[in-house]
Amino acid sequence: MSRELTFHVFRYDPNVTEIEPRMQEYRLREVDGLSLFIALNLIREEQDPTLKFDFVCRAAICGSCGMLINGRPGLACKTLTSTLPSSITLHPLPVFRMIGDLAVDTGSWFRRVAEQTGSWIHTDKPFNPHDPEERMDNSTALEIHELERCIECGCCIAGCGTANIREDFVGAAALLRISRFMIDPRDDRGVERFFEVVGTDEGIFGCMGLMACEDLCPKEIPLQRQLAYVRRKLAMAALGRKI
Ligand code: FES
């Protein structure tokens, strides 16, 4: 006999402020291989067409379906109900602007932080589309590839102690990007320029080292190793400057 699942889902529409935030209950019979993503779609199709949540790829690639699952940030499409108790509580990710119910606006947050940290290759070299590709050694290319796997789902930000108490903190995903450009030989920024961008309490020195970002990353990216790399490089730059 399969389990009956009870979903306690946060409901709120910031455009209809006269209706207070509330929890709504839905029940669903569990089937084999049921993911939260499919469960939410079944609830929306069969019980409540007004329920808001985001998804695009259903394959842990687009990063749209992040939410708090029994209090823990995670991806709805990657979470099987069989890994959860029969009572499942869902809230939207904190830190990000709420769109409604379980949907939040991670896009604007990531765009703002990308612009703030200059999240692209900085070089004075003139671009010539006819030039051959720039070469780099295999191990550097593989390392960059590993760090490019971030899907910007926001789980690391939502689970971060610092990001939850100060809204100007750039967060692990942005610091990961910085570490990716630090090792990229095509980026002309030296450590001094990186220091100007994230050598602050809004940047790397705001990280309390609680490790939640790495514990919660659905792509298992070694965030703490990369944050330690940035911190070490910038601390050495600070000592060199006798700050
Ligand atoms: S739907 Fe794309 S990551 Fe979950």
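1. Helix axes here are lines fitted to C-alpha atoms over the stretch in contact, and angles run from 0 to 180 degrees between N-to-C directions. The model is a predicted one. On that basis, helix 6 (residues 171-182) and helix 9 (residues 223-240) pack at about 65 degrees, and their axes lie 9 Å apart. The crossing of helix 6 over helix 9 is left-handed.

2. On the helix 6 side, the contact is made by Ala172, Leu175, Leu176, Ile178, Ser179 and Met182. Helix 9 contributes Leu223, Gln226, Leu227, Tyr229, Val230 and Lys233. By class, the residues of this contact comprise 9 nonpolar, 2 polar and 1 charged.

3. Leu227, a residue of helix 9, deserves a separate entry. Leu227 counts as buried because 21 other C-beta atoms lie within 10 Å, where the cut-off is 20 or more. Neighbours within four places in sequence aside, Leu227 is in contact with Ala172, Leu175, Ile204 and Cys207. Of these contacts, Ala172 and Leu175 also belong to the helix 6 side of the packing described above.

4. A distance for orientation: Glu20 is 207 residues from Leu227 along the chain, and the C-alpha atoms of the two are 39 Å apart.

5. Elsewhere, strand 3 (residues 66-69) and strand 4 (residues 72-75) run antiparallel and are joined by 4 bridges. Gly66 is placed opposite Leu75 of strand 4. The hairpin formed by strand 3 and strand 4 has 2 residues between the strands, and Asn70 in this hairpin adopts a positive phi near 50 degrees.

Methods:
Residues numbered from 1 in each chain as written. Predicted model: local features only at pLDDT ≥ 70, side-chain atom pairs only at ≥ 80, totals over all residues. Left-handed = near helix turned anticlockwise from the far one by under 90°. Contact = placed C-beta atoms within 7 Å. Nonpolar A, V, L, I, M, F, W, Y, C, P; charged D, E, K, R; others polar. Buried ≥ 20, exposed ≤ 12 C-beta atoms within 10 Å, placed from the backbone. Pairing = 2+ DSSP bridges.
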